[in-house]
Amino acid sequence: MDKRRQALTRLYLDNATLVWNGNVVSGLEALRSFFEMLPSSEFQINMLDCQPVHAQATQSHTTVLVVTSGTVKFHGQKQRYFNQNFLLTAQTTSSNTVWKIASDCFRFQDWCS
């Protein structure tokens, strides 16, 4: 995906929000700009877990919480650990169901020294 970042926004709802290390990015245009400005990267996923979210908490939308962690190395920077949590919600039409990211939270995990 690193070479096709412009396609990343297709994974998000129109009004999705990304919180990147405490910085909020909302809406597809802002997400597109944010992804384009990131340096090239190499991600390694070490852990992935998914859990359904109760319908009461999501206004009856079918939603899954995805939790992942691993390492990332951005061009010119040292490798860092990260955690990422996002909510996938089902968008159903008469012909199909598409899963989109409603909320995304990415955090570097730096060790205390």
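Cys105 is partly exposed, at a relative accessible area of 30%. Cys50 is partly exposed too, at 41%. Here buried stands for under 20% relative accessible area, exposed for over 50%, and partly exposed for what lies in between, with a 1.4 Å probe and protein chains only. The model is predicted: local features need pLDDT of at least 70, side-chain atom pairs count only at pLDDT 80 or more, and totals for chains, interfaces and linings use all residues. Residues are numbered from 1 along each chain as its sequence is written, and side-chain values use heavy atoms, with hydrogens and water left out.

**Cysteines**

A disulfide is a pair of cysteine sulfur atoms within 2.5 Å. The count of disulfides is zero. Cys50 is in none, and the nearest cysteine sulfur, that of Cys105, is 16 Å away.

**Layout of the chain**

The order from the N terminus is β-β-α-β-β-β-β. The C-alpha trace spans about 50 × 30 × 20 Å along its principal axes. Of 113 residues, 30% count as buried. Contact means heavy atoms within 4.5 Å. Among contacts between residues at least 6 apart in sequence, 47% join residues at least 24 apart.

Trp20 sits in strand β1, residues 12-20. Its relative accessible area is 12%, so Trp20 is buried. Beyond its neighbours within four places in sequence, Trp20 contacts Phe34, Leu38, Phe74 and Phe106. Ser69 is 49 residues from Trp20 in sequence and 14 Å away in space, C-alpha to C-alpha.

A nonpolar core is a set of buried Ala, Val, Leu, Ile, Met, Phe, Trp, Tyr and Cys residues joined through side-chain atoms within 4.5 Å. The largest one holds 19 residues, and Leu18, Trp20, Leu31, Phe34 and Phe35 touch the most other members. Two or more residues each come from β1, α1, β4 (63-74), β5 (80-92) and β6. Strand β1 gives the most, with five residues.

**Aromatic pairs**

Rings of Phe, Tyr and Trp (its six-membered ring) pair if their centres lie within 6.5 Å; planes under 30 degrees apart are stacked, over 60 edge-to-face, and the rest tilted. The count comes to twelve aromatic pairs. Two of them are set out below.

| Pair | Class | Centre to centre | Angle between planes |
|---|---|---|---|
| Tyr12 and Phe35 | tilted | 5.8 Å | 45 degrees |
| Trp20 and Phe108 | edge-to-face | 6.3 Å | 85 degrees |

Tyr12 in strand β1 and Phe35 in helix α1 (residues 28-37) link distant parts of the chain, 23 residues apart. Both Tyr12 and Phe35 are buried. Trp20 lies in strand β1 and Phe108 in strand β6 (residues 97-109), so this pair ties together parts 88 residues apart in sequence. Phe108 is buried, with a relative accessible area of 16%.

Arg80 lies over the face of Phe108, 3.9 Å from the ring centre. The rule for such a charge is NZ of Lys or CZ of Arg within 6 Å of the ring centre and within 35 degrees of the ring normal.

One aromatic cluster takes in Tyr12, Trp20, Phe34, Phe35, Phe43, Phe74, Phe82, Phe106 and Phe108.

How values were computed:
Helix = DSSP H or I, 4+ residues; strand = E, 2+ residues; numbered from the N terminus.
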